[in-house]
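Q: I have a structure open and want to talk it through. Can we start with how aromatic rings are paired up here?

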Amino acid sequence: QVQLVESGGELVQAGGSLRLSCAASGRTLRNYFMGWFRRSPGKEREFVAETSWNGAIVSHADSVKGRFTISPDNAKNTVYLQMDSLKPEDTAVYYCAARSRYESEYSHWGQGTQVTVSL
């Protein structure tokens, strides 16, 4: 079983930056993909970014490409989401997720961390 704990969400002004962290535990994640998703009020959950555990395969949603960067830190068993040039529309609860390389759907989820971007 994989446990995921997010942190780093807070209130920030538009144009600012935040770094979210996702600490993973429970088993080796060598063959896992780690992802970030978000859910805004009244909207469905959407994909933000994902990375293979070694960082060799990385993908970002078009809405955040060039502003957000996902990166794994194997030594700390942690995945980061660096968010720059934040916009009010980035306001959401951000969730960390994990799936093995053999799964097509994410099966492990954290509790989420709130990011609020003000004008």
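A: First the cut-off: rings of Phe, Tyr and Trp, the last by its six-membered ring, pair if their centres lie within 6.5 Å. Note also that this is a predicted model.

Q: Fine. How many aromatic pairs does a search of the whole structure find?
A: The search finds four aromatic pairs. The rings of Phe 37 and Phe 47 have their centres 5.7 Å apart and their planes at 75°, so this pair is edge-to-face. Planes over 60 degrees apart count as edge-to-face.

Q: Which strands do Phe 37 and Phe 47 lie in?
A: Phe 37 belongs to strand 4 and Phe 47 to strand 5, so the pair ties together parts that are 10 residues apart in sequence.

Q: Phe 37, buried or exposed?
A: Phe 37 has 11% relative accessibility and counts as buried, because buried means under 20%. Phe 47 has a relative accessible area of 28%, so Phe 47 is partly exposed.

Q: Which residues form the aromatic cluster?
A: Phe 37, Phe 47, Tyr 106 and Trp 109 form one aromatic cluster.

Q: What sits over the ring of Tyr 106?
A: The charged end of Arg 99 does, 5.3 Å from the ring centre. There is also Arg 19, whose charged end sits over the ring of Tyr 80 at 4.1 Å from its centre.

Q: Back to the strands. In which sense do strand 4 and strand 5 pair?
A: Antiparallel, over six bridges, with strand 4 covering residues 32-39. Arg 38 stands opposite Glu 46 in strand 5. The two strands form a hairpin with six residues between them. In that turn, Gly 42 has a positive phi of about 80°.

Q: What about strand 5 and strand 6, how many bridges there?
A: Three bridges, in the antiparallel sense, and strand 6 is residues 58-60. Thr 51 stands opposite Val 58 in strand 6. The hairpin of strand 5 and strand 6 has five residues between the strands, and Gly 55 takes a positive phi near 80° there.

Q: Why is strand 5 described as largely enclosed?
A: Strand 5 runs over residues 46-52, and five of its seven residues are buried, so strand 5 is largely enclosed by the rest of the structure.

Q: Switching topic. How many disulfides does the search of the whole structure find?
A: The search finds one disulfide. The link joins Cys 22 to Cys 96, with S to S at 2.0 Å. The angle about the S-S bond is -75°, and the link is left-handed.

Q: Which strands are those two cysteines in?
A: Cys 22 lies in strand 3 (residues 18-25) and Cys 96 in strand 9 (residues 92-100), so the pair ties together parts that are 74 residues apart in sequence.

Q: And are Cys 22 and Cys 96 buried or exposed?
A: Both Cys 22 and Cys 96 are buried.

Q: Last topic, the whole protein. How many helices and strands?
A: Zero helices and 11 strands. The radius of gyration is 13 Å, close to the 14 Å that the globule rule gives for 119 residues, so the protein is as compact as a globular protein of that length.

Q: What box do the C-alpha atoms fill?
A: Roughly 40 × 25 × 25 Å, taken along the principal axes. Of the 119 residues, 45% count as buried.

Q: How about the contacts along the sequence?
A: Of the contacts between residues at least 6 apart in sequence, 54% join residues at least 24 apart.

Methods: Residues numbered from 1 in each chain as written. Predicted model: local features only at pLDDT ≥ 70, side-chain atom pairs only at ≥ 80, totals over all residues. Heavy atoms only, no water. Buried < 20%, exposed > 50% of the residue type's maximum accessible area, 1.4 Å probe, protein only. Helix = DSSP H or I, 4+ residues; strand = E, 2+ residues; numbered from the N terminus. Pairing = 2+ DSSP bridges. Phe/Tyr/Trp six-rings, centres within 6.5 Å; stacked < 30°, edge-to-face > 60°. Lys NZ or Arg CZ within 6 Å of the ring centre and 35° of its normal. Disulfide = S-S within 2.5 Å. Rg over C-alpha atoms; globule rule 2.2 N^0.38 Å. Contact = heavy atoms within 4.5 Å.
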